[in-house]
Amino acid sequence: MLPIIHVDMNAFYASCHQAEDPALKGKPVLVAGDPKKRNGIILTASYEARRFGVKTAMPNWQAKRLCPQAIFIKPDYDLYVKTSSRVMDILGRFTPLVEVFSIDEAWLDVTGCEGLFGDSVTIAGKIQKAIRQELYLPCSVGVSCNKLLAKMASDMKKPMGLTVLAPEDVPQMLWPLPVDELFGVGHRMAERLREMNITTIGDLARVPEELLRQAFGLNGRYLHLAANGIDDSPVDPHSMDSARSMGHSTTLPRDVTGFEEAEMVLLSLSEQVGRRVRRENYMGRTVTITLRDASFGTITRSVTVPYTCATEDIYAAARKLLHAHWDGKTPLRLLGVSLSQLVKEFEQVSIFKEDEKKNKLNQVIDEIKDRFGDGAIFRAKLLKDDGLNERKLGKTANNAPALRGIR
């Protein structure tokens, strides 16, 4: 029995614009971080544009040279999230067991649904047809016995593919593929595997598990099982429930009675929230601050912003809320910052990362902190040494030398 279905929307962001504007259908559409900038990058290319060699993450100038007739479009975050919600509603008609994996992907477990809709392959076809007819969007669908193989199957034929990958087909269909096409194998891991002369999924499947454990730790077991098409993880409709919001708060060592000090604490909290959100590949659009005064009176205030995972955006919204809802005099005992209305984004270049310089900076900061500790690098605004800040920043891990503060 092959009860697991994976649905993967094709060129989702470009397809959303083509569905919304019929004049764009059949034309090469490029969704770009900043279409007006030559140094911007392509976030998604329609299949019409891909025929000219245009790829995700390619610089705008290069894409325009390859496809002069391409139509550049600025990302529309609300359109993508709204359309994604409609796609998931369609999937929910066929089974209550729908696990949203990202804004344009989901798994379904259709066990027990055969009497209503037919076998899993029939259901996959009905899903594909419904999304095409109702939303004018293409999708590829994979059918298999587990989530891993269903995901791999949906990637095999695009656009509008429907692929069945049974366990007995793994040696013929899966093993000849390059190792970096295995779900869960990123660029760096693929490089390490190639250094071990492992170039295909079949090569990986034949390596003893113990050797993979020695090289990759706990990931070694995953690699061994995945390469052999083994996955026992269930389709979990509640997998994202715990990530509806992410936040941090702190009870201060002494009362804060001025905007400058309060802003420094908010910046530190925003940094923590942003780092956590980025680590788990989320973006959110509602920033909330919590203010508790010395008499333990508490207020929370929120503002909606464009989808973001950037520390700067979270802090700017938090700072605006602070100035709007605090007089700068009432002693504050606790401050908190959170980001909610989270969506998950798994593409290598996120649609939400328009400001490339800002996001590259955040990525570098995250990497330094992961390697050397939270106190290894920090914003210049946090340089003030008054004890309040020191508590937030902590000490550099492993006694690594502190790096220069950044603005």
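Q: What makes β1 and β6 count as paired strands?
A: In this predicted model, strand β1 (residues 4–9) and strand β6 (residues 105–109) are joined by five bridges in the antiparallel sense. Pairing requires at least two bridges, so these strands are paired. Within this pair, His6 has Trp107 of β6 as its bridge partner.

Q: Why are β5 and β8 called edge strands?
A: Five strands form an open sheet of mixed pairing, in the order β5-β6-β1-β7-β8. The edge strands are β5 (98–102) and β8 (162–164), each of which pairs on one side only. Neighbouring strands of this sheet are turned by 15° against each other on average, direction ignored.

Q: How do you know that helix α6 runs at about 165° to β7, and what does α6 lie across?
A: Helix α6 (residues 120–135) lies across β1, β6, β7 (139–144) and β8. The angle is taken between N-to-C directions on a scale from 0 to 180 degrees, so the value of about 165° relates the direction of α6 to that of β7. Helix α7 (residues 147–154) lies across β1, β5, β6, β7 and β8, at about 145° to β7.

Technical notes:
Residues are numbered from 1 along each chain as its sequence is written. This is a predicted model: local features need pLDDT of at least 70, side-chain atom pairs count only at pLDDT 80 or more; totals for chains, interfaces and linings use all residues. Side-chain values use heavy atoms; hydrogens and water are left out. Helices (H or I, at least four residues) and strands (E, at least two) are DSSP runs, numbered from the N terminus. Contact means heavy atoms within 4.5 Å.
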